[in-house]
Structure formats: structure tokens, C-alpha cells
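Hello,

Here is the structure I said I would pass on. My notes on it follow below.

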Amino acid sequence: MGKADIIIGFSLLFVSGFLLIGAMGLPQSHVGISPGLFPAIALGGLMVLNLFLILRGLKQRREKAQSYSASLNLNFEKIKKIAIFVAFAWLYIFLLPLLGFVYASGIFFWVIFILAGVNQWGKALILSFGSSIIMYFVFYRIFMVALPRPALPIPYPF
Amino acid sequence: MDVIQISLVEGLRQILDFQTLLYIFGGVVFGFIVGALPGLSASTGIVLVLPLVYHIPAAEAIMIMLGIYGGTMFAGSIPAILIRTPGTPSAAATVLDGYPMAQRGEAGLALSTSAIASFVGSLLSAIALFLIAPQIARVALKFGPPEFFSLVVFGLTVIASVTGKDVIKGLISALLGLFLGTMGMDPISGYSRFTFGSYALEGGLPLLPVMIGLFAVSQVLRDIEEAGITYQVINKIGRIWPSREELKRILGASLFGSAVGTLIGAIPGIGGSIATFLAYGQYRKFSKRGEEFGSGVLEGVAVPESANNATTGGALIPLLTLGIPGDIVTAVMLGILILFGVNPGPMLFREQPEVVNRLFASMFVIAFFILVLGLFGARFSPKILAIPKKILSPLVLLLCVVGAYADSSSAFGITVALVFGVIGYFMEKFDFPVAPLLISMILGPIAEGELGRSLLISRGDWSILFVRPISLCFLILAGLSLFFAFRKKD
């Protein structure tokens, strides 16, 4: 994990350093504790520990010179699936208020069923829309949770 | 002693009605199914069912959660025995003897052994919880803000140090959780912190979507990653009921496993997996059949399964009395208790004794349901394993999405759940434990509040944390736990 630790360590070091500057800018309090104290403790501690992580990673790389991909259970196929998931998840969040729960979920979960291994596209489509409609009615009728309706003027018989 | 007896009777009186028993039984059945499906854990099951129980009273909802917890801990043994894959991490030791028994055609006997052992473990740990918890709560009632602050610091350092393979990564996870817990409005000054202009973040990160993301969505991502993997299920169940001689052996081993499980479960951060392997290893050393362990002996199933279920009662001791979760499941339960307006800690025993009574009594009922379901459901166990993951995982994700939305009736919850799902997935990939992040996120604001109150009492003098003996003691223990964790790694 040497190389991965170094990359993660530097990323978190940078982010926590940036946030620490923000925490330092929070107002000081004369009674009790200041709003910035706890975040500053957490972020300061994060910076120190990430420095340790980077140093340890460098030491490990020098000792073993092991490759990142060999030690990590991640390959291109796996990363591709996760990237597709993330892309469609963002699209789903964007489409949810526009198309409403049933249509947006029907599309998103169609992709998810295919990613999960349902190879027939038609079957995946029936499963995704079917489960979205059932879930919509279960939550609407039994649990009184009104799931999003479409903002766009499209037919929505649910 | 009288108080304890009265509480138990009172608790049982309150829960022995059809509806409450149905709730608890439903929780155990759901836990049974979740635990039997490899990959789904108790914490996943609990967060998935939470949106469905929002509308029922807190005590009943919490009893359902306890039912899921107990049911899952038992049912993790089903895939361990039938497909050589533990359903939950703490059922890993059960594979060693359970699967060889199933290969010999004794799957039914292994499953009934697991049910009986889980019953003994659950029952004995419930007794321990009932006897020990009120005593600890009585002592903890004397704690003031400095003691609680130091206790939370101690709890966090122990959990961060012992969870996962790497102390540094455990601490990074804990500090990340501590920071995330500070997002939103400062409880003392009312000043907004790290909201980045988002109104939705004013109240802080919503806990339920975070939990759904970290435990359920990340699991779905792992399932998607492993799409196509199939299991070879042993369908031949064979004899289920043990003979009198076999029952004696099971009970003897279960008593030992239960004692170890309860003790280990009560120590924050250690959890079921270590308890089961420790109990298994120790019993193997002292048993007459020690050399047969690993080839499929009853004791090899009874010891880990009893230890596994005994950790449930043990882990509830620090949770209910001090508000410190013992493992990842109790961390999720702590979050849920807070969501339901039940604040665990000694004050719970004083202010809401009826809730405590009902929870204690439900632990006994859950133990009996596990036994009944385990013995009579053994024949149907292979059917649960036949549910295809390619259908189940997307449905779990759909439930996650709806649950995250139902929390605040806003798409923000879904965004948080999906983002934390990806975070949880990569944390697991890079060996960062998730438990310290969640526990710190929940305990951080509590610690901040207690520190603020301590400094108000002392008028800004930090020495209040060091001059009060119990507070000092917890801080020393926190320092020692970190010191030994680092030393062990060196």
C-alpha cells in the first residue's frame, strides 16, 4: 500500500490544511470553547497523522519497492464499474426532481441491475421500473412518505 | 437486587403483548435473512430497516433493531456452514468446523448446534447485561462533564487504536469523523461551521444517510464489483436434533464461549470476530477433543457461535450505561437511539427506566426466538442462500435511496448516502476502518458539549480535566491505549 498511502496522505494533508485555515478564522470565544477549537484539534491531528502516513509509505517503498496495483485489490474492470456507478448516481440526483422518483429510479436502477450482473436489458428494465413503482406505492401508502414527483410537465400516473 | 427483579418483571410485563412480540420476532426473522446472506451485516440490516420503523414508538423500534442484531449474529453461521463463507465477519471461526460437518452430511446438526449455542450466548449475555449494567450506571451517575469528556476521549482512542489493521489509519478515520461531526451549527455559540454556504448542512451531516452510505451503499458497490460470483450450496441438511450426549457437549462449550464473548464484547472496539477466535483457540487448548478441532466437531461450532452472540449483550453494557459503543453495530445503534430521542448513558437509567426495562426484557425474548427460528428454520436455510445477489443488491440500493430520502424528505439525504457509500467503499479498499469514523462523528459533538460545560464550570481553567481523579484516570487510560497500540505495531 506504500504508493496508495502516500497519495492518500498528501491529499488529506492538503485538504485538512486548507480546512484548518478556515477553522482558525472562526470567531474566538471568551466563555467555554471557541467554535473553531474542536475542528482545529481534529484537522491538526489529521495533518500530523497524514505526515506519518506519508513518511511510512516512503519508507515502505524504499524497503520493498512493491507496486501499488499488486498490493491492492483494485483493477481497471472494478474501477470502471465504480466510475459508471458514480456517474449515473450524479445523473440520478440531477434527474430526480425533474423526472420524479419512478422515472429517475427506473433509469438509474436499470443501469445498476446491469452492473450487478442481470445481462438481459429487457429483464433489467422490467425489474428496475417494477421495483421503483412498488417502492413508491409502499412508501406512499403505508409509510406516508411522498417520494419526489416530476417538475417537468410529463405524464406521471403514480 | 430487588430493583433488578422488579425491573425485569416490569419489562417482561410491558413487552409480552402480541404486537410487541410480533415486532421483535419480525426483527429476528429479518436479521436471520440478512445474516444468512453473505456480505450483508447487522449494521446494514439495521440501517435498511430504520426508515420503515420511524412511525412506531422508540422503544418498539429499538427492540426491532436488537432483534435484527441477535438474528444476524446467529444467522451468519448459516452460510459459514453451508457454503464455507461467513455471513458476518464474526462467523468466520464457525467455518472451521461447521463446513466439514456439512460436508459429512451433518449440516442440520451443525445448524442446530449453532442455534442452541447462540441461544445460550444470547441468554447469558442478557443476564450479564441485566446484572452489570445498572451497577455501572449507578457509578456513572456521579460523573460530571469533565468525566464524561475524558470517558469519550478514552472510548474514541480505544476504538481508533484497536479497530482495523493499522493504528495510524484508525486514528485518521476517527479524526475525520470528529471533523465531520463539527460541521453545521456550533451547539454553544450557534456559529455555522464548514457549511460551505449550504443551508442543508446547517444542521450538520444527516446521520442516517451517512450510516446508510457507509454500511449499505458501500456493500452494494462491493457486490457490484464481485458480480458473477456464485456459491456452491450444500443442500443436504440431514439430522437436526442432537442426542442427549451431544446436547451436553454443546452446552458445556457454549458456557465457555458465552463467558468469553460477554467479556470481550463489553470492551469497546474489539467486537465479535476477535471474541470468537479467542474463545475457539482457548477452548481447543483445554478440550479433550482439542486435536479434532478443525475436522468438524460440535464444540468447534458451539464455542464461536455462543461467543459471537454473547458479544451482543456485552457490547450493550458500555453503550447503554456510558453511551460508548462496543462495536460497529452498537455504534449504528447509538446513532439510531439518538435519532429516536433516547440518549444512552447513566441518565437513561434514571430518566427513562421503562425503556431500559423493555430493552433488557427483549434480550431474553430474542434469545428464545433465535432458538426457535434456528431449530425450525434450519431446513429452509439453503433457500435463503438461493436468492441471487444480482437481484438483491440493486433492491438493497433502492431501499437505501428511499431510506435516505425519507429521513428528511429531501434529495440531499440521497446525495449524502451515495457520497458516503463511495467513501466507505474506498476506505475499505485502502484499509481505513469505517467504525472509528462513525463513532467519532456521533461522539464528537457529545465530547465538545461536555468540554464546553467543563470549561464553563472551571471558568476556562483546563486543569479541571486533570484534578478530578476519575477524569484523570480516563485520560491516562486513553494515553496508555494509544501508547500500547503504537508499541504493538512497532
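The largest nonpolar core has 217 residues, a nonpolar core being a set of buried Ala, Val, Leu, Ile, Met, Phe, Trp, Tyr and Cys residues joined through C-beta atoms within 7 Å. A residue counts as buried if 20 or more other C-beta atoms lie within 10 Å of its own, as exposed if 12 or fewer do, and as partly exposed in between, with C-beta atoms placed from the backbone. I46(B) and C400(B) have the most contacts inside this core. The core draws at least three residues from each of domain 1 (2-71) and domain 2 (76-142) of chain A; the domain bounds come from an automatic or database domain assignment. The C-alpha centres of these two domains of chain A lie 36 Å apart.

This is a predicted model, in which local features need pLDDT of at least 70 and side-chain atom pairs count only at pLDDT 80 or more, while totals for chains, interfaces and linings use all residues. Residues are numbered from 1 along each chain as its sequence is written, and chains are lettered from A and ligands numbered from 1 in the order in which they are written.

Leaving aside residues up to four places away in sequence, C400(B) touches L48(B), I212(B), A216(B), V217(B) and A417(B). Contact here means C-beta atoms, placed from the backbone, within 7 Å.

Between the chains, 52 residues from chain A and 47 residues from chain B make the contact. On the side of chain A that touches chain B, two or more residues come from each of α1 (2-24), α2 (37-64), α4 (76-116) and α5 (121-142). Helices (H or I, at least four residues) and strands (E, at least two) are DSSP runs, numbered from the N terminus. α4(A) gives the most to that side, with 15 residues.

α2(A) has 28 residues and reaches 40 Å from its first C-alpha to its last, close to the 40 Å expected at 1.5 Å a residue (1.5 Å times one less than its number of residues). Its buried residues include L37(A), F38(A), N50(A) and G57(A). Among what covers the buried residues of α2(A) are α1 of chain A and α9 (167-182), β2 (192-193) and α20 (435-457) of chain B.

Two backbone angles remain. Most residues other than glycine have a negative phi. D431(B), however, has a positive phi near 65 degrees, and sits in the loop between α19 (411-429) and α20 of chain B. R459(B), also not a glycine, has a positive phi of about 55 degrees. R459(B) is exposed, with 9 other C-beta atoms within 10 Å.

Regards

Conventions. Two residues are in contact if their C-beta atoms, placed from the backbone, lie within 7 Å.
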